Amino acid sequence: MNPKTILVVDDDPDFVLAVRMVLEGEGYRVEAAANGAEALAKMRASLPDLVLMDVMMASPLDGYHATQEIADDPQLRHVPIVMVSVIENTRYASSFPTDQHLAILDFIAKPIEPETLVAKVKGWLKS
Amino acid sequence: MELDQTLACLAERARMVLQADSAAVYLLDKSGTYLRGAASSGLPADWGLQESIKVERSFLNREALAGRPAVVTDAHANQPAIELPQGCCSALCVPLVGADGPVGTLHVYTKSPRCFDQAEVNLLMPLAELGAVAITATRELLMLKTLETSKARFIYSATHELRTPVAVAQSLMRGVVKGYAGPLTDKQVHVFDCINRRLDFLEILIRDLVNLAAGKASELVPEEGPLVLHSCVEQVVLLLQPWAEEKGVILTCDPCREELVVWASEEGLERIFTNLVDNALKYTPSGGRVTVSLSRVEGEAQVQVMDNGIGIPSESLPHLFEEFYRAPNARTVEAVGTGLGLTIAKDLAHQYGGRIDVESTLGQGTTFTVTLPLAWPGS
């Protein structure tokens, strides 16, 4: 069976490395994009099974607006998205678009704990 | 008090003291060339909307700012006529002089002709002096507040910038320690654990700094509203219960029989009580007890966090709420701590119109008392 592909969208290559190290260690395929525009291009070329999307990224296209564009694209909107941010404020998290077609599954806060990340990714892929 | 309120109060008092029909306050601009109408009493609502007045073209203001109280008995009899607000006939104008020179003028008007005498000038002058002091103080306070808000905003964005690299370093280290970058020797695991511990502390320090700065920048404070106090307190106790059990400390909550509603933000209240109960647990050895109780005392809500822990030396008590302060015996029990938790709690309590008091006996225990005004004191 082919390994599941997870697209990590973050403009910080060190954070991508931290996530890649853990997820590849668990047997997943990890793709990376440094901003929202690159993420959309990669998703259109090949659909991932899950997207881990940083909220605040340098232009073009931050995480907030990238999720809106994903919601507007019928080909992409069913791909589950998990928002990642250093801001853990729930009030802030709940301000994200809640388009009925947009599959924002969850929010996770940086720093990531390997066990938590792995357990959550397993759960998200099942759902 | 806001500057507008101060000025309106001054105009009102001036009108009453001289039993006049109306009064107005003019403020001088920084260059000392122009005045603008800033507050009035007994004048139409649209008064003061005129453009600013050049001092040298206004007889009353020019005289007053030169240090001579100016009197006009009948504005229309003068040639050329002296311009007073519509319907006014007589005027008395005195300067408002602050510590650094004149800040404006105070005018009193009557509709029918009146000859203001020296006795009336003597009545108005002390009020003008007080007014000038109040204006200077209110302006300085406003400047300080602006300064504090921009300082807090700076800390807030700076700390956010700090959190990101720390969070990335923590994420990397955690992966490495769990062996995701390859097998490690025991020595490497030990060294990486030390690095992790330092990074975790840095994270807490940054979080506390953000909280402290957020409390001081009023526009960043979460929304406030009426809150049932015992729900917030019980929530905090529930969250900290597992840690209390792990430590072998009995943590109980004794709710008040009546419902106490205070005006605050949920996050703010949680922060106050988490900091206090967390401290109590931290400094109470195994076998000890931490009790949180709620009561209504003289129309206010009180929450007491009482422990029979290590206590606080009396010489440390006056410094307890200072930023970064930690009592010497606290350092020996818990090496890691930012010394910001109590400062944050005190700042938040003040924000909600309340206070935090502390009583402690070394070796016997400590009681923190949070007093908050009730949202509806009469109920």
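**Around one phenylalanine**

I began with B:Phe368 and, setting aside neighbours within four places in sequence, I found it in contact with B:Leu276, B:Val303, B:Gln304, B:Val305, B:Ile312, B:Leu320, B:Phe321, B:Leu342, B:Ile356, B:Asp357 and B:Val358. I kept in mind that this is a predicted model.

Next I looked up the largest nonpolar core, which has 48 residues. B:Phe368 is among those with the most contacts inside it, along with B:Leu229, B:Leu251, B:Leu269, B:Ile272 and B:Phe273.

**Chain B as a whole**

I counted eight helices and 13 strands in chain B. Of its 379 residues, 44% count as buried. For contacts in chain B with a separation of 6 or more, I noted that 63% join residues 24 or more positions apart.

**Where the chains meet**

I then turned to the contact between the chains, which takes 21 residues from chain A and 17 residues from chain B. Together they bury about 1700 Å², and 61% of that is on carbon and sulfur atoms.

How many salt bridges cross the interface of chain B and chain A? I got two by the rule. I wrote down the pair A:Glu113 and B:Arg174, with 3.3 Å from N to O. I also have four residue pairs in polar contact between chain B and chain A, both residues being at pLDDT 80 or more.

On the chain B side, helix 3 (residues 118-177) gives the largest share, eleven residues. I sorted the chain B residues that touch chain A into seven nonpolar, five polar and five charged.

**Salt bridges inside the chains**

My search of the whole structure gave 17 salt bridges over all chains. I picked out A:Arg44 and A:Asp73, which meet at 3.1 Å, N to O. A:Arg44 sits in helix 2 (residues 36-45) of chain A, while A:Asp73 is in the loop between helix 3 (63-72) and strand 4 (81-85), 29 residues apart. I have A:Asp73 down as buried, because its relative accessible area of 13% is under 20%.

I also noted A:Lys110 with A:Asp54, at 3.4 Å, N to O. A:Lys110 lies in the loop between strand 5 (104-109) and helix 5 (114-126) of chain A and A:Asp54 in strand 3 (residues 50-54), so this pair ties together parts 56 residues apart in sequence. Both A:Lys110 and A:Asp54 are buried.

B:Glu120 is buried at 16% relative accessible area, whereas B:Arg114, at 21%, counts as partly exposed.

Notes. Residues are numbered from 1 along each chain as its sequence is written. Chains are lettered from A and ligands numbered from 1 in the order in which they are written. This is a predicted model: local features need pLDDT of at least 70, side-chain atom pairs count only at pLDDT 80 or more; totals for chains, interfaces and linings use all residues. Side-chain values use heavy atoms; hydrogens and water are left out. Contact means heavy atoms within 4.5 Å. Buried area is the accessible area (1.4 Å probe) that two parts lose on being put together, summed over both. A salt bridge is a side-chain nitrogen of Lys or Arg within 4 Å of a carboxyl oxygen of Asp or Glu. A polar contact is a pair of N or O atoms within 3.5 Å; within protein, one must be able to donate a hydrogen and the other to accept it, and residues adjacent in sequence count only if both atoms are side-chain atoms. Helices (H or I, at least four residues) and strands (E, at least two) are DSSP runs, numbered from the N terminus. Ala, Val, Leu, Ile, Met, Phe, Trp, Tyr, Cys and Pro count as nonpolar, Asp, Glu, Lys and Arg as charged, and the others, Gly among them, as polar. A nonpolar core is a set of buried Ala, Val, Leu, Ile, Met, Phe, Trp, Tyr and Cys residues joined through side-chain atoms within 4.5 Å. Buried means under 20% relative accessible area, exposed over 50%, partly exposed in between (1.4 Å probe, protein chains only).
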